[in-house]
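Here is a short briefing on one protein chain.

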Amino acid sequence: MAVHEDLVADVKSLLWGPTVKEDVFKRWAQGFYFSPHEHTALIQAEGGPCAVIAPLQAFILKQLLAESDISTWHEIKPEKCDQLLVKAMAETLTQAAEPTNLKYSVLLMDKPNNTVNGEVPVEEQMNVEEEPCTEDSSAAPVEPVIESDVFHSGLRFYSLASVEEVEQFFTENISVFKEQFGVLLLLYSVICTKGIPQMRLEISDLTDPLIHSTFGYGSQSLINLMLSGRAVSNVWDHDQDVGGLKLKGIDKQNAVGFLTLLETLRYIEVGSFLKSPSNPVWVLGSETHLTVLFSNEKRLVSAETPAEQAKRIFRKYDNDGNNFIPTDSLQNVLAELGLFSDSEYVEIMKKKLDRHGDGIILLTVFMYEFFPEELRTYPDTFVLYHYNGLPRSNPDNQVKYHRGQAILLESTVESILDSNPMLTVLQTKWPSIEVQWDINQNPSIN
């Protein structure tokens with residue numbers, strides 16, 4: 001156990017900026033606890049910490065889908081819920097560790113003897129006799145206890161050497177993470193495990209804090225850190241060169257996915273590593289909130305098809321995202337796909353694919369030539385479930401999983417519907433999807 005004041009100061013600056021806004025901090029100062037109406041669903045008390053809670057919920061669901069059938073989830077006991085929470089916390093922490101330095105930092109908080117969650121207990125307040133105030137009183141005014149100061153001054157670091165040690169540590173201290181500062185303790189642990197130097201290398205803009213100082217929501221870098229272990233600000237595949245500037249993205253297929261409403265507005269581009277994760281679980285992003293979509297249909301995340309791989313690699317050379325590449329990049333694309341890439345053959349294909357000599361090759365032309373028949377590997381109908389951790393965003397203020405029957409239509413109906421943001425965000429993954437939800441209304445993604 002150790003105290004690292006300089007490291008705490010660096011984490012504070014990275015997360016909150018020059019000063020910690022107490023109203024924002026209080027919204028993040030909650031523990032991990034489950035809904036009485038859905039035993040495996042985490043509750044989010046206030047707006048803001050969904051950047052940690054939603055990814056953690058996604059990893060809980062990933063574990064659940066691997067272990068049991070959805071119909072039995074209502075029977076799961078509290079002890080099992082704690083085990084799932086431990087597994088999810090350990091996964092978010094360990095994926096952040098750098099491969100060259102597999103050490104894990106976990107933070108706990110020492111509580112002051114005379115405070116509880118940063119406040120003087122009511123019993124002690126009642127026993128304090130007030131002194132009459134006089135003009136010549138030399139006593140300094142009593143400063144109110146600031147929760148963020150109490151939290152940061154009480155942090156203690158524990159260094160662990162293996163995933164097994166991490167899970168054991170979380171298991172032994174799970175009650176601490178279910179108390180007031182549990183969400184922040186996990187977040188600080190993930191950042192310290194990642195390391196401040198590596199965080200600064202991956203974050204594209206260090207002038208903005210990871211937590212918005214006014215609205216309290218987490219940045220895309222923070223969301224990506226919890227989802228993938230990388231604090232990059234982009235969600236496309238690989239790193240991309242944009243106007244000579246190297247912008248970092250997601251480097252491999254992720255365990256859980258990410259879809260966002262912002263993609264339909266062209267504010268963001270989600271690559272296949274997040275759109276097609278290895279488990280049928282996706283964090284959904286609206287303009288202000290994160291929720292989770294999941295399914296027990298494993299065919300929704302079948303292995304990447306050759307056509308999907310071709311599109312991903314093609315887009316790697318499509319620097320501006322306009323669905324075409326420079327003709328001179330064709331040889332590199334063919335070589336990465338393992339296709340014939342002899343220079344003479346490539347010159348012949350350049351003339352065929354760039355018939356008018358414009359210096360570009362369109363994605364549609366490339367796919368028609370090399371992958372004319374794209375087989376769809378997922379079913380036409382399947383069941384989806386949706387989670388929103390905010391009670392006020394659920395019917396009757398009860399946090400539950402909501403079931404939807406999905407169908408993929410023959411023709412694409414892709415559109416931006418202000419009245420149906422849920423459908424709009426799902427169409428970024430399945431352009432022809434329609435869903436009928438069991439609550440006879442669209443679940444809220446806000």
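The crossing of α4 and α7 is right-handed; a crossing has that hand if the near helix is turned clockwise from the far one by less than a right angle, and is left-handed if anticlockwise. This is a predicted model: local features need pLDDT of at least 70, side-chain atom pairs count only at pLDDT 80 or more, and totals for chains, interfaces and linings use all residues. Residues are numbered from 1 along each chain as its sequence is written, and side-chain values use heavy atoms, with hydrogens and water left out.

**The α4 and α7 pair**
- Helix α4 covers residues 78–94 and helix α7 residues 163–172; they pack at an angle of about 135°, with their axes 9 Å apart.
- Axes are lines fitted to C-alpha atoms, for helices over the stretch in contact, and angles run from 0 to 180 degrees between N-to-C directions.
- The two helices are therefore oblique to each other: angles under 35 degrees count as roughly parallel, over 145 as roughly antiparallel, 65 to 115 as roughly perpendicular and the rest as oblique.
- From α4, Val86, Lys87, Met89, Ala90, Leu93 and Thr94 meet Val163, Val166, Glu167, Phe170 and Thr171 of α7 (contact means heavy atoms within 4.5 Å).

**Whole chain**
- The protein chain has 17 helices and 14 strands; helices (H or I, at least four residues) and strands (E, at least two) are DSSP runs, numbered from the N terminus.
- Of its 446 residues, 50% count as buried (under 20% relative accessible area; exposed is over 50%, partly exposed in between; 1.4 Å probe, protein chains only).
- Among contacts between residues at least 6 apart in sequence, 67% join residues at least 24 apart.

**Helix α11**
- Gly229 follows α11 and has a positive phi, near 90°.

**Gln63**
- Gln63 sits in helix α3, residues 50–67.
- Its relative accessibility is 17%, so Gln63 counts as buried.
- Leaving aside neighbours within four places in sequence, Gln63 contacts Leu84 and Lys87. Lys87 is also one of the α4 residues that meet α7.

**Val270**
- Val270 lies in the loop between β7 (257–260) and α12 (272–275).
- Val270 counts as buried because its relative accessibility is 6%.
- Not counting residues up to four places away in sequence, Val270 touches Val235, Phe258, Thr260, Glu263 and Lys275.
- Thr260 is 10 residues from Val270 along the chain, and their C-alpha atoms are separated by 7.9 Å.
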